[in-house]
Number of protein chains: 4
Amino acid sequence: MLIVMDRTAGREDVERVVLAVERLGLKAHPIPGEVRTAIGVTGNRGAIDPAALENLPRVLEVIKVSHPYKLVSREFQPEDTVVSVGGVPVGGRKIAVMAGPCAVESLEMTVAIARAVKERGADLLRGGAFKPRTSPYSFQGLGEEGLEILAEARQLTGLPVVTEVLDTAHVPLVAKWADCLQVGARNMQNFELLKAVGRAGKPVLLKRGMAATLEELLLAAEYVMSEGNPDVILCERGIRTFSDFTRNTLDLAIIPAVERLSHLPILVDPSHGTGKRNKVIPMSRASIAAGADGIAVEVHVRPEEALSDGPQALTPDLFSELMAQLPAIAAAVGRSM
Amino acid sequence: MLIVMDRTAGREDVERVVLAVERLGLKAHPIPGEVRTAIGVTGNRGAIDPAALENLPRVLEVIKVSHPYKLVSREFQPEDTVVSVGGVPVGGRKIAVMAGPCAVESLEMTVAIARAVKERGADLLRGGAFKPRTSPYSFQGLGEEGLEILAEARQLTGLPVVTEVLDTAHVPLVAKWADCLQVGARNMQNFELLKAVGRAGKPVLLKRGMAATLEELLLAAEYVMSEGNPDVILCERGIRTFSDFTRNTLDLAIIPAVERLSHLPILVDPSHGTGKRNKVIPMSRASIAAGADGIAVEVHVRPEEALSDGPQALTPDLFSELMAQLPAIAAAVGRSM
Amino acid sequence: MLIVMDRTAGREDVERVVLAVERLGLKAHPIPGEVRTAIGVTGNRGAIDPAALENLPRVLEVIKVSHPYKLVSREFQPEDTVVSVGGVPVGGRKIAVMAGPCAVESLEMTVAIARAVKERGADLLRGGAFKPRTSPYSFQGLGEEGLEILAEARQLTGLPVVTEVLDTAHVPLVAKWADCLQVGARNMQNFELLKAVGRAGKPVLLKRGMAATLEELLLAAEYVMSEGNPDVILCERGIRTFSDFTRNTLDLAIIPAVERLSHLPILVDPSHGTGKRNKVIPMSRASIAAGADGIAVEVHVRPEEALSDGPQALTPDLFSELMAQLPAIAAAVGRSM
Amino acid sequence: MLIVMDRTAGREDVERVVLAVERLGLKAHPIPGEVRTAIGVTGNRGAIDPAALENLPRVLEVIKVSHPYKLVSREFQPEDTVVSVGGVPVGGRKIAVMAGPCAVESLEMTVAIARAVKERGADLLRGGAFKPRTSPYSFQGLGEEGLEILAEARQLTGLPVVTEVLDTAHVPLVAKWADCLQVGARNMQNFELLKAVGRAGKPVLLKRGMAATLEELLLAAEYVMSEGNPDVILCERGIRTFSDFTRNTLDLAIIPAVERLSHLPILVDPSHGTGKRNKVIPMSRASIAAGADGIAVEVHVRPEEALSDGPQALTPDLFSELMAQLPAIAAAVGRSM
């Protein structure tokens, strides 16, 4: 932590701050500059609120220096984490492609989609049994029946299943059926849920919240890891900005930023990240080119009939087109499909 | 819904859209204009995804018209809702002041703060027993012990208690002790929690999420109301923007916007909304001047020792100053304290 | 400036940074902490780019400490600046009310509006002769004819005139006719224009850009002041965010933030700040309650016929209502009208 | 335009709106729905402010339908525009790479950089002679001397020159020396400057403003085109959001969005778009993968000594690395280098 004093601060102002720092059990290091004095603070092992001292007289600003995450950081573990989702590695040299419907609607439809994406090269099946919907009057998902359908589709296709969990009460149930538990953007800071999936014994796909900073995303992953679960996959799915030609703004620079700070793998979801079918393919390509470890895309055999998010789902034909384009991009960045 | 056709759309393009609309059981009303044709769509009682038709040939744009909320809307109920929190009305002529510590730390401290705010005119006691913290290494609250402490403080001061609930599993417990259940900003779209508090039989204080639009806030309230709970109080607590001199950006224009669209009362939380003690008093005044039904502020007898959010808490002296300034503002807008 | 080293940085990494700092003519102060070393940097009088050293090995982060503004800062001048606009003080105890049409459309209309606002208590007349319009096909203003009309309205009502200048080439012309030159939000970082109005010998009303931080706003004012013009009035007019029920999001907490950092007065423009007539009165009240030195509002005698921004303009009746409500708010914060 | 009436609107409310529409010379088309009536408005050739009717009784909302741009739109010109910058095509099959220093500092340095980027395959030389700087105390550029240096570098390397123009007064001078005039992000809505470069007879590189919507960017281009200049190149350089690990947030989905709406070419500037050297290469790859027509990157032979934006400039070695990676990405999207 660094405390910056006002230009007009005198010796006794600095001493008052030094005393306050020491009273917190920390060490103060005054640094007198040309125009003002700053005071470095060391000795804080955990997280001290940066603002805790900023109301003392003649304190201009308090600047946080230490980052409160640990287990997720590359300083702590230099080598990349590779998460195994039902045997499929996420985070290694091979790009992981997760595909499937937004919501599970019926066995027939789900199996048809699973087969379609499997044939075209998908590695993992995604699909929602419990759906977080903005309106209480929208389709809320099939619940346990949806989980059974996903398991059936896995058996028929061999694709491991990734599905969302919305509430701590559902964690055991979802963990029983799924290969990977998804925590959605709206729940990224549902800390009880993060703790619960941290104890569930299954890998976790953690989506970035619409207003989450990188530090908050990493701390959400730290919640999962601090409960003993090392298998966390991050996922960029767009942030909320004023920009209005897509539903969200995909913040792809988070890919190299995560790579620098953390050992965890990161995927991109261009379907929710854009909300527009015609932008999914270009942004999938861009994600892999930026260094993502994979993508999660929505595919539906009849998007116009989908009960949820139809307009952003790819048709099987468009998914074929995507899968035809990605290998060359992957190769260009030293990855394979 | 309104479907806008491309300038180059011919008769058969328009007919294709009309047919697609009718297949959904809706009625299409083509409106030929100077340069392009638009097609009005009526007959949709519920929520149709605006984008569902936008991938048809020569469709330029699909514009949503109906709003999917109902119970929360002023169209549905013209007169203002007044929520009674343990006997204290929120939403009527009288401004409601909710004050207390961010987190409940001990019985002694909580009672001291409750007495301090009661003496200075607060109507309701706020304080967290379950705390949502960005880092897993920060103080997470006292849990049930904290709820008992709040109940004790209520008995000693007569102030009804508002406290946050983080997880569906805690709802019965919190509802047993508290007069009003708070759903925090990070959980505004935790839909399972919204349903659970909708069935808990206690008023709900619903905080706006950091990236939530007004429509999403109203739909979150609709979740609570659609479970049978009419007693919802909205709360603006700042949105996340690039603006960096406060922790969040208080979006006070939401007050007249809510008043126009909904019958529900709305409070403002200038403590979390700014994150800076020195901005709490001016923004509290601004909130009341803009027409808010009350404020929720953090007060601590020794803010520098608080385990959570100390730097934004007012001291009792500053709270006195605030309570001395508000009545004149309230009177200027036809309200009382 | 503070340079934070990686946890794994060794002695030679720190020494390399110290050397690089000294090569820039600055002084380095290493501060060894529990888990990592930070290096304070002093001796920089001007602005050094914070990032200049962040690509050296094992540097985790470089944090800027000094603020590059000087003349605008309260450290430099503790007492409030009061700007005289044609004899009307802005920034003192008295609240300044600036009112008028968005664009000057005709002599008759402008005089009618000027009289209407003068009668109801306005202090200054605002109105655009040169209009910045998003579309090239929108009304662009009357230019010099508009300036003459404003001068005529001033003569008939005694109200000093504030009007926008869009281009360096127009500065002498606008300065000849107006009492105060407005630099609009879109030009807040048009640095050549800032320098030109800094030499024009007239007060400047500087509007915050839609994406401007507080530091950028203060540095834009510093451009004007560094050319020798001390008479700068800041103006908050809303920032661009995802929030969509108003045209912009008024960031009222900037009022106490400016008061803390700068001696310059600050107004609020709730007309552009909300873009909605029905939100102008509540947000005007909120602005004064938050401590603003005045407001700038659009008034039109027939808003539905206005060539520019009609829907946000108040009618004379609504302006009367506003002027009836403000004195009590002003009194509540120790100001007068 | 579509006017949506309140649920409670009666026949006379609808008739009042119809009358108001007709009084504006437009045609009204009432569409009675299940729960409310909407009124389509046709006949508006130019831009009518969407809000112009929203204060009439029982009007719930007014929705804009027509887009006010024309010359820039793909509806108007279906085939792609290819702009020739000193003989180098921008917008065709070949990817354009623009590289050079942020600011021109000296003849020797500029020629060294120009040679370095030419050898490594750059197509165009970029560099600032007039620099927009946030602080008045930062280096403001060499002005005309800088333009002469750029021209000298062009002569020695054959690279056409792109350089920024800050003020209408400089347009003739810059147009005399440069092959392409850049309008920077801060000036995207400096409409007088847009008109001036529209008359300068040279191609224009128009950077998106930090808070600009796509519609505003296209309308800024429309200003240039409506003065008779068809040679406009758009450039994404990041928008301002809360996301804080890069200086700006690159909004790459604008690439397919522009492609859908406009025939103009679009480049990406990953140097300003991220502000971090270590993110320039991944985001350059992502830009080409998303379909951009080229990139503009900062290169400096000694970035640590650069007078402006050094830390985001690539070294020649890093630029070599980038140029080695791009061809495979370009090939994957059917383009060449």
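1. In this predicted model, the rule finds four salt bridges across the interface of chain B and chain D. One of these links Glu75(B) to Arg7(D), with the closest N and O atoms 3.0 Å apart. Polar contacts between chain B and chain D come to four residue pairs, both members at pLDDT 80 or more.

2. β1 (2–5), β2 (27–32), β3 (37–42) and β4 (59–63) of chain B each give two or more residues to the side that touches chain D. β4(B) has the largest share, with four residues. By class, this side of chain B holds nine nonpolar, seven polar and eleven charged residues.

3. On extent, 27 residues of chain B meet 27 residues of chain D. About 2,500 Å² is buried between chain B and chain D, and carbon and sulfur atoms give 60% of it.

4. Now the A–B contact. Chain A contributes 40 residues and chain B contributes 40 residues. The two chains bury about 3,600 Å² between them, 50% of it on carbon and sulfur atoms. Thr134(A), Tyr137(A) and Arg240(A) supply 15% of the area that chain A buries against chain B, more than any other three residues.

5. Arg240(A) also forms a salt bridge with Glu216(B), the closest N and O atoms being 2.6 Å apart. The count of salt bridges between chain A and chain B is two. Residue pairs in polar contact number 18, both at pLDDT 80 or more.

6. Helices feature on this side of chain A. α6(A) gives the most, five residues. The residues of this side divide into 15 nonpolar, twelve polar and 13 charged.

Technical notes
Residues numbered from 1 in each chain as written. Chains lettered and ligands numbered in written order. Predicted model: local features only at pLDDT ≥ 70, side-chain atom pairs only at ≥ 80, totals over all residues. Heavy atoms only, no water. Contact = heavy atoms within 4.5 Å. Buried area = accessible area lost by both parts, 1.4 Å probe. Salt bridge = Lys/Arg side-chain N within 4 Å of Asp/Glu carboxyl O. Polar contact = N/O pair within 3.5 Å; in protein donor to acceptor, adjacent residues only side chain to side chain. Nonpolar A, V, L, I, M, F, W, Y, C, P; charged D, E, K, R; others polar.
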